[in-house]
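Here is a short briefing to read alongside the model. Please keep the viewer open as you go through the points.

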Amino acid sequence: MLKYAITLLFSVSLLNAQNNTTVQTEVNVGDVFEIGKPESNKYKHIDFPRENFIIKRGGIANYRRAHGEEVVVTAVKELKDGTTQIKIKRNDGRRFFNSHTVVTADYKDAITSGELQAL
């Protein structure tokens with residue numbers, strides 16, 4: 001009987017440890033994140049506009065300036081394929097690249113790649 005009790009406690013502690021290491025799966029409007037550094041030169045999971053669209057709207061196309069910015073989730077949308085798409089804006093109210101107020105991001109992929117970091 002003691003073996004069963006120890007086995008039960010051990011398995012519960014493993015399940016608890018596993019739940020603590022998972023990525024935050026639920027995101028709500030108003031959550032604050034920080035934009036991290038991308039793995040390559042461009043962001044894959046945050047849909048920043050292409051350089052020509054930024055320049056057409058009078059902005060400065062410098063993706064390195066986005067690194068470290070605090071952003072707020074303004075909308076959450078669950079797509080048919082099961083992914084969660086969020087819309088984010090800067091926390092200070094300014095525009096991204098002086099041209100765009102809101103950009104979209106694939107939540108789960110952006111968190112796992114480090115492009116978005118929870119605060």
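Contact here means heavy atoms within 4.5 Å. This is a predicted model, in which local features need pLDDT of at least 70 and side-chain atom pairs count only at pLDDT 80 or more, while totals for chains, interfaces and linings use all residues. Residues are numbered from 1 along each chain as its sequence is written, and side-chain values use heavy atoms, with hydrogens and water left out.

**Around Thr-84**

- Once neighbours within four places in sequence are set aside, Thr-84 is in contact with Val-27, Val-76, Lys-77, Glu-78, Ala-105, Asp-106 and Tyr-107.
- Thr-84 belongs to strand β4, residues 84–90 (strands are DSSP runs of E, at least two residues long, numbered from the N terminus).
- With a relative accessible area of 16%, Thr-84 is buried (buried is under 20% relative accessible area, exposed over 50% and partly exposed in between, using a 1.4 Å probe and protein chains only).
- The side chains of Thr-84 and Glu-78 are joined by a polar contact of 3.1 Å (a pair of N or O atoms within 3.5 Å; within protein, one must be able to donate a hydrogen and the other to accept it, and residues adjacent in sequence count only if both atoms are side-chain atoms).

**Strands and their partners**

- Two strands pair if DSSP finds at least two bridges between them.
- Five bridges link β4 and β5 in an antiparallel arrangement, and Ile-86 has Ala-105 as its bridge partner in β5.
- Strand β2 (residues 46–47) also pairs with β5, antiparallel and over two bridges; here Ala-105 is the partner of Ile-46.
- Strand β5 (residues 102–106) is mostly covered, as four of its five residues are buried.
- Three bridges run from β1 to β3 (residues 70–78), antiparallel, with Glu-70 as the β3 partner of Glu-34.
- Another antiparallel pairing, of three bridges, joins β1 to β6 (residues 116–118), where Gln-117 is the partner of Glu-34.

**The largest pocket**

- On a 1 Å grid over the protein atoms alone, a pocket is an open set of points where a 1.4 Å probe fits, with protein on both sides within 12 Å along at least five of seven lines; lining residues have an atom within 4 Å of a point.
- The largest pocket holds about 230 Å³ of space, a volume filled by probe spheres set on the points.
- Its lining residues include Lys-37, Tyr-43, Glu-51, Arg-64 and His-67.
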